[in-house]
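Take the sequence and the model together. We will go from single side chains to confidence along the chain.

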Amino acid sequence: MAKRSHVTELGCIACEELSEFGAGKEGWLVDNRSLLTVLDTHSVALADCSTVLILGWNEDDPSNRSVKIRPSLSPTEGEITAIEWLVFDDIRVLSLGTSNGYLLIYSVGGDLIHKQMIYPGRVLRLRVRGTRNGFSQNSSSEEVSVVMPGVIARFDGSDVQSLLQRWFQEVRSQFWDQKLQKRDPEDPGSSYGRLQHQLWNVSKYGTCLDAAITGIMPPPLMELQSSQCYYCAVTIGVDAVLSAYRLSEDRSRSLVGTILSKVLPATFSTLASFSKMIWRSEQTSTGKTDVKPQPFARASPLTCLKDNPRKGEKLTLSPSGKLAAITDSLGRILLLDTQALVVVRLWKGYRDACCLFTEMLVDNTTSSTSYYEHSKSDYCLCLAIHAPRKGIVEVWKMRTGPRLLTIHCPKGSRILQPTYRFGSSSASPSSYVPLEVFLLNGDSGQLSVLNRSLN
């Protein structure tokens, strides 16, 4: 009987350009802690502190060429510490975070689209998510979040999309020679301006190493009539393995502040406009001033788990945001219900593990013909656990199901997942694309995908 394979090979990214990142040396992909790798449906992007390399894996696609980006980063901006794809329909760009709190957006051709200082601090993670509001069937939330030690910034996906659409329209109109090259992306008075965002301090229980906004949550009991939007955020760190916060869009902290913000908006707007006129007239003579980070919005602590000497290391969210997998320094994996804020499952003996949620056809009782198009209800949520010390990838059924699969993987491999595509949360169930897990072998350059079906 032929040995059953649970992975499908897609292509290879091996090339000479990878030697700059250490390729050719065994284990280069995983041994270099500063090497960042993110996946899109057609490309892989790798980055170190100063260079980004975009590679396609489909040899039959002529558009899949390698692109190298070397951002001109000043000492004020720092070095590259985070990277993520931003995908809107036919728009595909790369977002970069720096060690001094800057967010940069580049086209796949290497053009700088936007640069903005978020908050002084090292950008630990860039997250792209989209979730439906469980408390309102007709609303959804799509966002780009920036995670820094003790700080979370949230950008609305529609604002980012609007900026990118304006930039690409300007490029296509062939006026970019006169406008784009003269535009300063950091200047609030430019044609695009700064991206609006919310900023929260989540360091109540210590500095966080990773964090995520899990979704929209109901307001507190004393503010049930509030029109403000509230989010739930989960953080992990050294002092607290995990902690949770309620994030409010409202910066006011009292009833008086709320009333003032409702009654006096026109007066404030008039004064603000007048002060801007004076400020701009003074600015012409004194030159450009440094942009200061905006004030923090309200973040209310909900709970925390402290268990010294255990430390949280990595945080992974399920597609809906209702579950989170957290790895710690003692080789344990915690499965957290982000709505009840309760740990519902625990695995032990997985040091240096990496987790990704995936969707598979586990109980496949539907038609097995190739003409059948599976819907979202056919797939089952699972958790893929890569244990590099064991050299395996395990797939477990959520929430309390058994281990479904064990795959042996070569040393020096990473598991990856394509970034969230904006607009996919509102797609029809019949055109649903399940969440998949990819396996990249750094030593051979081979990219494979875990099969959707166990049969």
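Is Cys354 buried, partly exposed or exposed? The model is a predicted one. In it, Cys354 has 22% relative accessibility, so it counts as partly exposed. The cut-off for buried is under 20%. Cys232 has 5% relative accessibility and therefore counts as buried.

Now the sulfurs. Cys354 takes part in no disulfide. Its nearest cysteine sulfur belongs to Cys355, and that atom is 6.6 Å away. A disulfide would need the two sulfur atoms within 2.5 Å. By this rule, the count of disulfides is 0.

Move along to Thr358. This residue sits in strand E22, which covers residues 354-360. Thr358 counts as buried because its relative accessibility is 4%. What does Thr358 touch, leaving aside residues up to four places away in sequence? The answer is Cys380, Leu381, Cys382, Leu435, Glu436 and Val437. With Leu435 there is also a polar pair: a polar atom of the Thr358 side chain lies 2.9 Å from the backbone oxygen of Leu435.

How far can such detail be trusted along the chain? The average pLDDT of the protein chain is 83, and 77% of the residues score at least 70. Confidence is highest in strand E20, residues 333-337, at 97. Confidence is lowest in helix H4, residues 255-263, with a mean of 40. Over residues 252-289, pLDDT is below 50, and this stretch has 14 contacts in the model beyond near neighbours in sequence. Residues 186-190 also stay under 50, with 14 contacts beyond four places in sequence. Where pLDDT is low, predicted coordinates should not be read in detail.

Technical notes: Residues are numbered from 1 along each chain as its sequence is written. This is a predicted model: local features need pLDDT of at least 70, side-chain atom pairs count only at pLDDT 80 or more; totals for chains, interfaces and linings use all residues. Side-chain values use heavy atoms; hydrogens and water are left out. Helices (H or I, at least four residues) and strands (E, at least two) are DSSP runs, numbered from the N terminus. Buried means under 20% relative accessible area, exposed over 50%, partly exposed in between (1.4 Å probe, protein chains only). A polar contact is a pair of N or O atoms within 3.5 Å; within protein, one must be able to donate a hydrogen and the other to accept it, and residues adjacent in sequence count only if both atoms are side-chain atoms. Contact means heavy atoms within 4.5 Å. pLDDT is the predictor's confidence in each residue, from 0 to 100.
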